[in-house]
Amino acid sequence: MKIALEVIMALLPIAALFVGFLAFRLSAFMASFYAWVLELVVVLAYYQQPPLRVVEASLWGVITIWSGFLVLYTGQIFGQAYRSSGLLAVLLHSVGSLVPAHDKLAQALALVVVIGGFIGAFNGFAVYPVAIPGLIELGFDSVATITSFLVYFAWPQPFVSLFIVPNISNVATHVPIPDIARAAGIAGIPLVFVSILGFIKLLGFRFFTARTQFLYWSMSLSNVAALIIFTQIWPQYGILSLIGGAAISLVVLYVYGRASPMPAPRQTRTAGETPQPAATPAPAHSAGTQLRAYAPLLLGVVLVLATMLPGAKKALEHLAFSVSAWGYKPLSINIFTSAGFFVLITALACYPFALQRVSVAKDLWAGTKRSRSSLSTLAVGSALVYLLVDTGQIQLLARVLSDGGRDVYAWLSPTMESLGGMAFGQGLPADFLLASMQVPVAPLLGIPLAVLVGIVTVMSEGPPNPLKPTQIAYTQSLANVTGKDGEIFRTTLKWQVLSLIAATIFAALLVYLSR
């Protein structure tokens, strides 16, 4: 009876998030805030933690997710700088030239699959400030843009975190990254199909047309082929998974664009597309101008690659420092290897290549104002999560599931990991905790640790991605939208439930085949 009660209390804050979005249509911040208040009551009344300890745990939770705050803030600065410098408009024209101008679906896929794949392989959060404003520039409704992109990026997200050094799952469990990649690659395959389908449908396009069918299957199979090649055949080159998918997709879209009849009839305007006036042909940009649009992105990629070189990696390790307080395990911080630092450098690189007059101060102020909602949401969510960790409630859920045996754990643990990933608001802390929890479970149930950790990587990062209050707040600010938190949550929820079901089936099969 006691364990059942504690399980219910552990699930209460997560249930509060759902109720806040679905029933009361609260903002992401308010839903997270009330969930935190509910957890405070549980911790103080049931676990009888001293109030001072509760405050310390909440503050430590905020500190542990420092990298999340940095990447959210710098992402806003990058988005503002890339737009105001005129580089985004040139990038969109360059990408759009691959396919017919009237084919909005092909243009949207070229932006998120090709550009998103190349950038996302090195920094997932740098994709958001390019893709979301870019889709809006193409004429899509702001809310449709947010929901479609959140659903789409649910499949690349696990592989962004998996191959960025240092890999947090590897740090937590010491399982080699190629072994984690093999399991994650299989578990992630269904996410590709569901995410691209959701992207197309949420933008309002009809699915059962010849053109849509070709684009859907070609983009899906291109990325699945890259996953298989770089997680199953050559997992040591796993970082090429997203790049390979983007490269294959680029070739397919180029051939598609050349083969499309010109002029072609305009596609019927869909629910997700804002009515646009008759467009005049965009002026052709010189090769030098187009290179300037890509230059900051390329510099960001080169910077990430440079930090992976043995000499640079060793030098940067000396720049790390530790923070400790209140008896918690010291936290290692290295700003110069964090994703937020790379995004900031990419943002600053926009100014030397700017195509129009810009004000760094104005961009900084605009980005700061837009980041307030997502940063405050992350702060409350971080405090909530560490209370769950500090009282052992997350660990309790894993222990209860493992007591049910191998089959129960195989089918139910993916849901627990997705709920945990949603509650954390940031993927890396969720990965670290949930991956660590698999270490005692693996020998107990006779499941290879690499399999469990690979499943955790996919389930904690993929299906919950569009449902995280922090992501909802962040994407709204990039699209200059307010008050649509509940609508975004409700719209993406059914797609993420479908993703969760599909990925769970693959994860369970993976467990069975590992016997």
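Me: Which residues of α4 meet which residues in α22?

Reply: Leu72, Gly75, Gln76 and Arg83 are the α4 side. They meet Thr470, Tyr474, Ser477 and Leu478 of α22. Sort these residues by class, and the contact of α4 with α22 has three nonpolar, four polar and one charged. One caution: this model is predicted.

Me: How do I describe the way two helices pack?

Reply: Packed helices are described by two values: the angle between their axes and the distance between those axes. Now the case here. Helix α4 covers residues 66–84, and helix α22 covers residues 469–478. Their angle is about 20 degrees, and their axes are 11 Å apart.

Me: Is α4 roughly parallel or roughly perpendicular to α22?

Reply: Roughly parallel. Angles under 35 degrees count that way. The crossing of α4 and α22 also has a hand: it is right-handed.

Me: At what angle do α5 and α7 pack?

Reply: The angle is about 70 degrees, with the axes 10 Å apart. Helix α5 is residues 87–96, and helix α7 is residues 128–137. That angle makes α5 roughly perpendicular to α7, because the range for this label is 65 to 115.

Me: Which residues in α5 and α7 meet?

Reply: From α5, take Leu88, Leu91 and Leu92. From α7, take Val130, Pro133, Gly134 and Glu137. By class, this contact of α5 with α7 divides into five nonpolar, one polar and one charged.

Me: How do the axes of α4 and α7 cross?

Reply: They come within 8 Å and cross at roughly 50 degrees. That makes α4 oblique to α7. The crossing of α4 and α7 is right-handed. On α4, the contact uses Gly75, Phe78, Gly79, Tyr82 and Arg83. On α7, it uses Pro129, Val130 and Pro133. The residues of this α4 and α7 contact divide into five nonpolar, two polar and one charged.

Me: What span should helix α17 have?

Reply: Work from 1.5 Å a residue. Helix α17 runs over residues 360–390, which is 31 residues, so it should span 45 Å. Its end C-alpha atoms are 42 Å apart, which agrees.

Me: Where does α17 bend?

Reply: At serine 371, by about 40 degrees.

Technical notes
Residues numbered from 1 in each chain as written. Predicted model: local features only at pLDDT ≥ 70, side-chain atom pairs only at ≥ 80, totals over all residues. Heavy atoms only, no water. Axes fitted to C-alpha atoms, helices over the stretch in contact; angles between N-to-C directions. Helix = DSSP H or I, 4+ residues; strand = E, 2+ residues; numbered from the N terminus. Parallel < 35°, antiparallel > 145°, perpendicular 65-115°, else oblique. Left-handed = near helix turned anticlockwise from the far one by under 90°. Contact = heavy atoms within 4.5 Å. Nonpolar A, V, L, I, M, F, W, Y, C, P; charged D, E, K, R; others polar. Expected span 1.5 Å × (residues − 1). Bend = angle between axes of the 7 residues up to and from the residue.
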